[in-house]
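Reader: Could you walk me through this model, telling me for each label what it rests on? I like to see the value next to its cut-off.

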Amino acid sequence: MKKILVLLTLFVFICSSMFAFTWPWAKKDTGTLTITGSTTVLPIAQKSAEVFMDKHSDVNISVRGGGSSVGIAALLDGTVQIADASRSIKTKEFKAAREKGINPVGNVVAKDGIAVIVNPGNGISEITIPQIAAIFTGEISNWKDLGGVPGPIVVISRDNSSGTYEVFNELALGGGKVREDAVVLASNNAVAQTVSQTPGSIGYVGLGYLSDAVKALKVGGVMPNNATVNSGAYKLARPLYMYTNGNPKGLAKQYLDFIWSAEGQGIVGDLGFVPLR
Amino acid sequence: MAKVKFLVAFMLIMVIGASLLIASDTQIEMTVWNRWTYVKSGDEVTEDQFSLARGYLRLSHNFSSSVFGRFNVDFFSDEDGLDGAGLKIKYAYLDFKKLIPIQDAVFTAGLMKTYFGTIYDWSYITVEKDPSDLYKICSSTDYGLGVSGLIPGGLGEYALALYNGEGYKKTGNDVNKYPAFVGNVRVTPIPGITVGGSAIIANKVGTSEPYDKMNAYAGVGRFVFGPIDIWAEYIMKNYTDETKTSCETKSAGFMVMPIIKLFPNFEFVFRYDQWDPNTDQDNDKQNIMIAGINWNCASNVVLQANYENISYESSKSEDTKKVYAQLNWTFKTPKF
């Protein structure tokens, strides 16, 4: 019994100490913000952080990619204050977060379309969602089946931790499995670069990664751009999130308020994403 | 040992076969526990050894976006009568995600988790086993089938399953023809507070007629506030050994386990268990106190140190002190 009392006293002492002192984890919030997650949201987070830090010299914002799943896992571990995600949080992640005392709140910072891209030398300019599904699941493997110049289709996809992959898989493939010989890459940038250098290839990227080096296809007769994403005419579209634990507070709130401001939304538009207004 | 060699060869063939033939969404994972154990019972040192307490070799494969399979063997060297190492099959199941028209519901068949109390998500924060495992309520896995899933909105989880009832170690003639039923539910009404309950209904246990009977119930609570994470569990078991006496034995006990994460790579853990094997009998309770530290010294490498004191109300049993030091390390391949 004496031992139990000693153990309980020790526990109570440690617990009460935590309210009396400023512990290392409590110090993080003052001038440092750590952000991890989606490579799609990465340019928005990075550029906004640069401009925000120019305005607030005492603030340090660290931004990393890694993918939406990586970002949300970091938020659940308490190692970041903001998790970038190009998909909404999964029920399983939400449950795990609540069990850990974390209340994930998805703050929408922009909208995005997932553009289906091919090499600029490809004669195809339009595709349908069923055709995309057939290509990515392996039912169609030659461009001649789509009315193009005969040649094998090289499928470029994203890794499982990518939110872009998850949304594309849900909206375009209906949960189907990507063909086994697909080239799997870790970022939007890598997909865009590989497609630009590989004749016969097809991939998908966020609107912010479109350039003259790749050719975006019309999907169901609709070109991906700000107007078609905003109107809902372009079907492969999604909101982009910055998840916080509870409603944003302190520095995270200041940073998000900046992204939601006219200046911040201007950055969103300049980067090729769709501003909220 | 011949059995171990055969199974290792079988696993290698499976791994190579998987890489050559299946070549998609297959993953190999290994978890190893290198443990030092020191046990002193009364004044006598009864154990002082280094061992391999666990060597999980796990193969996972996504057959499609809705069908997932896992096979897991456990190599170990810390049990009596082994010629170097022993081997257990710990998991061998298939998950079907879209078979049941309920969102986030998974149908599982094979050697799968036993959804009771805290045993199915016990992550060995302490080196000591989960209470249901320690007090022989149930095994962590068993052969059967069941449905598990998430409560809409991520508010919790549930499971309903049918098992052999004898656990993963019992096979062949050690398994009777009467299954056991398990139900489990956990809810997190507000972030940081989780409560739940489980039941095992095993009206016929064992292979000797007339059969034994065992029903068990568990209540679980988890409270997380900042760096403090407290787990609590209450377990009750009613057991009737029909071969000896038709009298029912009632057992009950609880565990409280506060975990404190002071620094990103360190956590301190305390645990107090009390187990009463027969609530109608006096002076037979057992108390366990554990204090430990877990240091994440590298990615997927945890050094655990635990001090455990087991005390008995009865003077017939001597108090036991255990010291564990364990390196718990995991690595896995990318999916291929």
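Author: Happy to; here are your questions with the values and definitions side by side.
This is a predicted model, in which local features need pLDDT of at least 70, side-chain atom pairs count only at pLDDT 80 or more, and totals for chains, interfaces and linings use all residues. Residues are numbered from 1 along each chain as its sequence is written, while chains are lettered from A and ligands numbered from 1 in the order in which they are written.

Reader: What are the confidence scores of the model, and what is the average pLDDT of chain B?
Author: The model has an ipTM of 0.83 and a pTM of 0.81. pLDDT is the predictor's confidence in each residue, from 0 to 100. For chain B the average is 90, and 92% of the residues score at least 70. Residues 18-23 of chain B have a pLDDT below 50, and beyond near neighbours in sequence this stretch has six contacts in the model. A contact here means two residues whose C-beta atoms, placed from the backbone, lie within 7 Å.

Reader: How is chain A divided into domains?
Author: The bounds come from an automatic or database domain assignment. Domain 1 of chain A covers 32-111 + 239-270, and domain 2 covers 112-237. Their C-alpha centres are 26 Å apart. The contact between them takes 15 residues from domain 1 of chain A and 15 residues from domain 2 of chain A. On the domain 1 side, the elements giving two or more residues are α4 (68-77) and β4 (104-118) of chain A, and α4(A) has the largest share, three residues.

Reader: How are helices and strands told apart, and how many does chain A have?
Author: Both are DSSP runs numbered from the N terminus: helices are H or I with at least four residues, strands are E with at least two. By that rule chain A has eleven helices and eleven strands.

Reader: What makes a residue of chain A count as buried, and what percentage does?
Author: A residue is buried if 20 or more other C-beta atoms lie within 10 Å of its own, exposed if 12 or fewer, and partly exposed in between, with C-beta atoms placed from the backbone. Of the 277 residues of chain A, 44% count as buried.

Reader: Which residues touch the most other members of the largest nonpolar core?
Author: A nonpolar core is a set of buried Ala, Val, Leu, Ile, Met, Phe, Trp, Tyr and Cys residues joined through C-beta atoms within 7 Å. The largest one has 74 residues, and A:V116, A:I117 and A:Y243 touch the most other members. β4(A) gives the most to this core, seven residues. The core draws at least three residues from each of domain 1 and domain 2 of chain A. Leaving aside neighbours within four places in sequence, the contacts of A:I117 include A:A192, A:V195, A:Y204 and A:V214.

Reader: How do you know on which side of α6(A) the buried residues lie?
Author: In α6 (residues 129-137) of chain A, the buried residues include A:Q131, A:I132, A:I135 and A:F136. They cover an arc of only 125° around the axis, so they are on the same side of α6(A); the arc is that of the directions from the helix axis to the C-beta atoms. The buried residues of α6(A) pack against β4, β5 (126-127), β6 (154-158) and β8 (201-206) of chain A. Just after α6(A), A:G138 has a positive phi of about 100°.

Reader: Why are the buried residues of α11(A) said to line one face?
Author: In α11 (residues 262-270) of chain A, the buried residues are A:G264, A:I267 and A:V268. Seen down the axis of α11(A), these fall within an arc of 100°, so they line one face of the helix. The face turned away from the buried side carries the exposed A:A262 and A:G266. The buried residues of α11(A) pack against α3 (42-55), β4 and α10 (250-260) of chain A.

Reader: Why is B:D104 called partly exposed, and why is B:N300 called exposed?
Author: B:D104 has 17 C-beta neighbours inside 10 Å, so B:D104 counts as partly exposed. B:N300 has 11 C-beta neighbours inside 10 Å, so B:N300 counts as exposed. B:D104 is in the loop between β4 (86-96) and β5 (105-113) of chain B, and B:N300 is in the loop between β14 (286-298) and β15 (301-312) of chain B. Though not a glycine, B:D104 has a positive phi of about 60°; B:N300, also not a glycine, has a positive phi of about 65°.
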